[in-house]
Amino acid sequence: MSLLIVENIHKKYGTEEVLKGVSFSLERGDTKVVIGPSGTGKSTLLRCINHLSSPDAGRVWLDEVEVTAAKAKINELRAQMGFVFQSFNLFSHLTALSNVRIGPVKVKRMKKEAATKLAMEELDRVGLAEKADCYPAQLSGGQQQRVSIARALAMSPKLILFDEPTSALDPELIGEVLTVMIDLAKSGMTMLVVTHEMGFARSVADEIIFMEHGVIVEQGTPEQLFSSPKSPRTGEFLHKINELYGETG
Amino acid sequence: MIFEWSWLPQLAHGLILTIEITVTCIAIGVVLGILLALGRVYGGKWISIPCSIYIQIFRGTPLLVQLLMIYYGLPSWGIMLSAFTSGVLALGLNTAAYQAEYLRGAIQAVKTGQLFAARSMGMSMVQAARYVVLPQAFRIVIPSWSNELILMLKYSSIVFSVTLLDLMGVAKRIASHNFLYFEVYIVVALFYLALVFMVTQLLRMLEKKVHIPGLGEHLEG
Amino acid sequence: MLLGGVLINLELLFALLIVGLMVGTLVALLQVYGGRFFGTLASAYAWIFRSIPAIVLLFLFYFGPSEFGANIPPFVAATLALGLRSSAYQSQIFRGALQAIPHGQILAARSMGMSRINAIYLIVIPQALRISIAGWSNEFSSVVKDTTLAYVVGLTEVLRRVRIITDRHYDLAMLAYLTVALIFLVLTYAGNHALGWLEKRLRIPGLQMVGGGTREI
């Protein structure tokens with residue numbers, strides 16, 4: 001069975017329905033990218049998957065366990081999913097090392113020495129081993145985001161959700177984060193990424209999902225979408241994005 | 001202007017009592033204040049509403065009324081407390097209410113993203129509060145808390161009205177013996193000024209020590 | 001009878017707030033615009049009157065002069081003592097508001113030919129006054145309760161009346177104090193509401209100071 005199954009998610013904010021029945025699935029090792037105009041519910045979708053928001057209707061399964069079930073052990077399930085936020089959300093009172101270490105120690109009850117070793121490995125993997133003792137405020141945006149990726153990796157998750165990971169970064173810093181993400185995708189991590197970075201999508205996505213107005217308009221491989229999109233809207237959007245952002249990654 | 005050196009030892013005793021009272025009441029205030037703040041923020045209806053009521057009552061009524069009520073009022077209901085206990089209790093219950101509000105504000109000042117990140121990695125609400133939100137809230141609250149400490153230092157003078165011989169109590173006693181009101185009270189005022197100054201500096205040093213770059217603001221003078 | 005006492009508290013409240021407002025505004029202006037000499041003087045004044053306990057100030061103003069032969073009535077002594085103390089706190093609130101106004105406002109005013117005084121008077125102060133309302137509400141709440149401190153200089157405000165009652169009717173003590181507490185709860189509640197209403201009426205979209213400040217900064 002697929003690693004992640006999202007079935008018919010509906011979500012309202014007040015009177016406005018932001019997600020109008022979204023369904024898709026992810027296999028192990030997939031990297032899928034969700035694109036679309038801002039405000040179409042992409043972030044909401046990710047939050048419904050790890051239940052930071054609860055959907056009004058629809059269900060989510062992670063590795064055959066239903067996340068949306070009433071009796072779901074949500075903390076255990078969340079520990080198996082990594083989440084990378086647009087605004088990084090590193091714990092301001094902890095050093096980079098402590099940020100990466102705290103999940104394994106407090107949630108997975110790992111011994112401190114083992115966790116420290118693991119944390120240093122992950123920090124090294126994202127290229128920030130020498131910043132281990134720095135506080136978030138002392139790091140650049142790109143560095144903070146890389147630490148937050150290390151923090152997600154330290155939990156050895158089954159999949160990682162990325163919510164516009166580079167949208168809050170200055171242009172020069174985007175590259176370093178994308179590099180880490182590309183390496184991650186190539187190493188076989190299952191990833192669901194919401195982003196505007198078309199270059200990234202083109203190079204590593206197994207499938208691109210185009211969402212607008214709360215529904216999936218079209219999904220397919222990068223080649224399919226870029227060269228012969230089925231829907232005119234898809235073509236329009238991709239064209240606009242290419243104009244704005246150019247080819248990156 | 002007359003000034004007698006013999007006043008100093010007596011005043012020193014008063015000073016010690018003032019410090020004792022302040023420290024004790026702040027201690028009560030911290031413990032109770034934390035409980036009240038946690039109750040307000042994380043408690044369900046049955047806990048947060050009583051906490052809120054307590055806070056509003058103790059912040060909405062004068063400290064002197066609270067003190068006199070405990071010292072003179074309770075005996076009419078059969079509860080007799082010593083002057084020291086009454087003083088410390090009144091001050092402690094009062095400062096707890098204010099500290100609870102400051103801590104609550106600080107908890108709510110911690111960015112929600114921090115909580116999201118903590119929960120997203122599988123921490124329970126208790127873990128998230130304990131390891132992520134509260135450590136930051138405690139640093140954010142430092143300026144307000146320091147203010148409160150200094151405030152209590154000054155308001156502790158109120159206990160002279162229930163016969164305690166703190167700095168103010170001693171001053172009154174000396175002055176009513178020799179009628180040198182002006183001099184005595186000026187000296188006492190200087191004592192308090194010096195005390196406030198030293199404590200402020202101490203708190204500033206303390207705040208620098210626990211400061212984390214990027215978290216919280218610096219203590220104002 | 002208790003309510004008569006409360007009336008005295010309210011009179012004191014009014015009197016001291018006016019003193020506090022007038023002196024406080026002056027001190028704040030001196031601190032921000034007074035240049036080094038007056039500015040430092042103003043800051044020193046503010047620090048001294050904030051750091052000396054209210055009780056000590058009350059005693060100083062009431063008993064102090066009596067040593068030199070002048071007898072000051074309790075109401076006047078209390079008004080002066082608490083009023084000057086409040087002026088120190090109010091000056092800090094107002095100073096914060098003045099400093100919160102972007103310097104660009106003055107630049108724009110001067111660029112159209114206004115004198116410095118006019119710029120401050122017409123442009124900065126009106127904005128600063130509005131921003132101060134939140135902090136001022138805090139001060140008001142504080143001071144309402146501090147009027148009871150005048151008890152220690154013998155003013156026949158509400159707490160002294162309670163003593164008179166309890167001296168005769170010992171067993172009514174707790175009840176009397178609870179009543180006073182209740183009266184003050186109502187007063188602070190009503191006061192806060194009134195100030196909230198005032199703030200809403202005077203609100204200008206876009207002009208706001210974040211955070212109302214803590215008790216007595």
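Modeller: Helices, of at least four residues, and strands, of at least two, are DSSP runs numbered from the N terminus. The model is a predicted one.

From chain A come Met81(A), Gly82(A), Phe83(A), Phe85(A), Ser148(A), Arg151(A), Ala152(A) and Met155(A), while chain B provides Ala117(B), Ser120(B) and Met121(B). At least two lining residues are supplied by each of three elements: strand E6 (81-84) of chain A, helix H5 (141-153) of chain A and helix H5 (112-120) of chain B. Sorted by class, the lining comprises seven nonpolar, three polar and one charged residues.

Two pairs of chains are in contact, and chains B and C share the most contacts. Chains A and C do not touch, their nearest C-alpha atoms being 22 Å apart. The largest nonpolar core has 95 residues, and those with the most contacts inside it are Tyr185(B) and Leu159(C). Helix H9 (residues 181-209) of chain B gives this core its largest share, 12 residues. Another core, of 48 residues, lies apart from it and includes Leu128(A), Ile160(A), Val204(A) and Leu225(A). Beyond its neighbours within four places in sequence, Tyr185(B) is in contact with Met168(B), Ala171(B), Lys172(B) and Ala175(B), and also with Val56(C), Phe59(C), Leu60(C) and Phe63(C).

Key. Residues are numbered from 1 along each chain as its sequence is written. Chains are lettered from A and ligands numbered from 1 in the order in which they are written. This is a predicted model: local features need pLDDT of at least 70, side-chain atom pairs count only at pLDDT 80 or more; totals for chains, interfaces and linings use all residues. Side-chain values use heavy atoms; hydrogens and water are left out. Contact means heavy atoms within 4.5 Å. A nonpolar core is a set of buried Ala, Val, Leu, Ile, Met, Phe, Trp, Tyr and Cys residues joined through side-chain atoms within 4.5 Å. Buried means under 20% relative accessible area, exposed over 50%, partly exposed in between (1.4 Å probe, protein chains only). On a 1 Å grid over the protein atoms alone, a cavity is a set of points where a 1.4 Å probe fits but cannot get out, and a pocket is an open set with protein on both sides within 12 Å along at least five of seven lines; lining residues have an atom within 4 Å of a point. Ala, Val, Leu, Ile, Met, Phe, Trp, Tyr, Cys and Pro count as nonpolar, Asp, Glu, Lys and Arg as charged, and the others, Gly among them, as polar.
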